[in-house]
Amino acid sequence: MARQIAQKLQYNLIINRQTLEQTLYSVTHNTRQLAVIDLPAGETFALNTALPLLPTYISAYNLRSAGQADSWAALRKKRVAIKQASSVEMYLKANPQDFTLVPVVTNEQGFELLSAGKVDFVLAEFYCARRLLQQFPMTKTASNPLFLSQFYLVMSEKDPLFSKAVSDVLEQNYHGGYFDDLIYKWVGFGKEKIELGQVRNDFFQWALFAAIISSIGLLITLYISLVLKQKTQSLKQELYQRQKAEAEINRVSAQFHSVLDGLPCGVILLDQYLKIIWQNGKYQWLLAPERLEQAYPKVALTQLIQSGFNGEESQLIEFSLDNKRWKLNLYLISSNMIALFIEDYTEPFELKQVSELSSRLASLGELTTGIAHEINNPVGLINQSINESNAGYYRRSETCVAVHGVATAHAATRT
């Protein structure tokens, strides 16, 4: 197209491949500049001399061994190559996505990284990617169009005469069929005339449009069939996994119920309306108010349950009924479920009383022993003192008797 314009206007032609920033700088700061750029559909452009050339779309591309990517969600957490300063980058700035962006200078570089396994996807414009798919045979189209785009011809505003001349040449080539020949040469699947976004309303173009629609419909049908087949396999696998999980849940539930049924205490699950959710069938009289009125102390079960739902996570009640001792535990399981555990506490209670009585008797014996020991000490001292006094008295008596005996003997001698 540029060569045709240069030939018609008798200008020398220099073609440079640049980034978008470099291209826009050249167009806005130099005269006699032409540029072809790709913008997302609906985007506005500041240069008022931009002319629409060809509509296109952006798709995802990956390796032939990988699956499809039918939406942006399929690219989540993946490594995606994006050409810098392209319509894809412009679109993602306004519509950010959740994947790892790998910037590349050209789409060729992106396909090289894809073939080497260094990225998972490449987002590229259709016409460019169609050419690159032939150069990189391991790659394929991975998705339907993710968003639409449009090629524009941008001209310098510094030379109005140049802009008018270019517009005239474009109009002649457009209506003369040269534009269709270029599309057929580079795209390779027929002609499509674009005139400010509207399709020419002639018989040949309508026939071509119908053929393209039919081809697209066939491709969509094949694609849907493949997706449905993959979805069916996925659903079968999911059904198998769910059945396996359900069997495991039933097995664990049976074991759980077996354990609960084997407990020596009664277990009852109630909701906030006192409706039974589950029970193991033991001590069902617990829910009979007339029986609980005979207990000592009386048990107001409804009030206990209500206080449990009002915030008391656990409660322990002991009472006597039918000459037995019972222990009642209440546990708040959730905001709408409470668990009751009723246990026959008679034997442990009696053992506890016997143990307490034994402990008291032992304590009393220790106390008595201590008191006796404390009393025995002074009594022993008193006994010792008494014994010592008695011993002194006996010794004095013996001395007196001995003296009296001697005196008597002397008296007898004198006599």
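## Reading a predicted chain, feature by feature

Modeller: Let's start in the middle of things: the largest nonpolar core has 28 residues, and F111, V122 and V166 have the most contacts inside it. A nonpolar core here is a set of buried Ala, Val, Leu, Ile, Met, Phe, Trp, Tyr and Cys residues joined through side-chain atoms within 4.5 Å. Buried means under 20% relative accessible area, exposed means over 50%, and partly exposed lies in between (1.4 Å probe, protein chains only).

Colleague: Thanks! What should I know about the model itself?

Modeller: This is a predicted model, where local features need pLDDT of at least 70 and side-chain atom pairs count only at pLDDT 80 or more, while totals for chains, interfaces and linings use all residues. Residues are numbered from 1 along each chain as its sequence is written, and side-chain values use heavy atoms, with hydrogens and water left out.

Colleague: With which residues is V166 in contact, leaving aside its neighbours within four places in sequence?

Modeller: Contact means heavy atoms within 4.5 Å. By that rule, and with those neighbours left aside, V166 touches I5, L9, L34, L153 and M155. For the chain as a whole, residues 24 or more positions apart account for 59% of the contacts with a separation of 6 or more. Of its 415 residues, 31% count as buried.

Colleague: How do I read two packed helices, such as α4 and α5?

Modeller: Two packed helices are described by the angle between their axes and the distance between the axes. Axes are lines fitted to C-alpha atoms, for helices over the stretch in contact, and angles run from 0 to 180 degrees between N-to-C directions. The axes of α4 and α5 come within 10 Å and cross at roughly 45 degrees. That makes α4 oblique to α5; angles under 35 degrees count as roughly parallel, over 145 as roughly antiparallel, 65 to 115 as roughly perpendicular and the rest as oblique. Where they meet, N107, E108 and F111 of α4 touch C128, A129, R131, L132 and L133 of α5.

Colleague: Between α4 and β5 I see D120 in a loop. Is D120 buried, exposed or partly exposed?

Modeller: D120 is partly exposed, with a relative accessible area of 27%. Setting aside neighbours within four places in sequence, D120 is in contact with Y61, N62, K78, R79 and L114. D120 and T100 lie 20 residues apart in sequence and 9.8 Å apart in space, C-alpha to C-alpha.

Colleague: Now the sheets. What is the order of the strands in the open sheet of five?

Modeller: Strands of a sheet pair through backbone hydrogen bonds, either parallel or antiparallel. Two strands are taken as paired if DSSP finds at least two bridges between them. Here the order is β9-β8-β12-β11-β10, with antiparallel pairing. β9 (276–279) and β10 stand at the edges, each with a single partner strand, so one side of each is left without a neighbour in the sheet. From one strand to the next, the twist averages 20 degrees.

Colleague: How many bridges join β10 to β11?

Modeller: Eight bridges join this antiparallel pair. E318 has K327 as its bridge partner in β11, and Q315 has L330 there. The two strands form a hairpin with two residues between them, and D322 in the turn has a positive phi of about 55 degrees. β11 and β12 also run antiparallel and are joined by eight bridges, with L328 opposite I342 in β12.

Colleague: Which residues of helix α10 are buried?

Modeller: In α10 (residues 301–309) they are L301, L304, I305, S307, G308 and F309. These buried residues pack against β8 (266–270), α9 (289–292), β10 (314–321), β11 (324–334) and β12 (337–344). After α10 comes G311, whose phi is positive, near 140 degrees.

Notes:
Helices (H or I, at least four residues) and strands (E, at least two) are DSSP runs, numbered from the N terminus.
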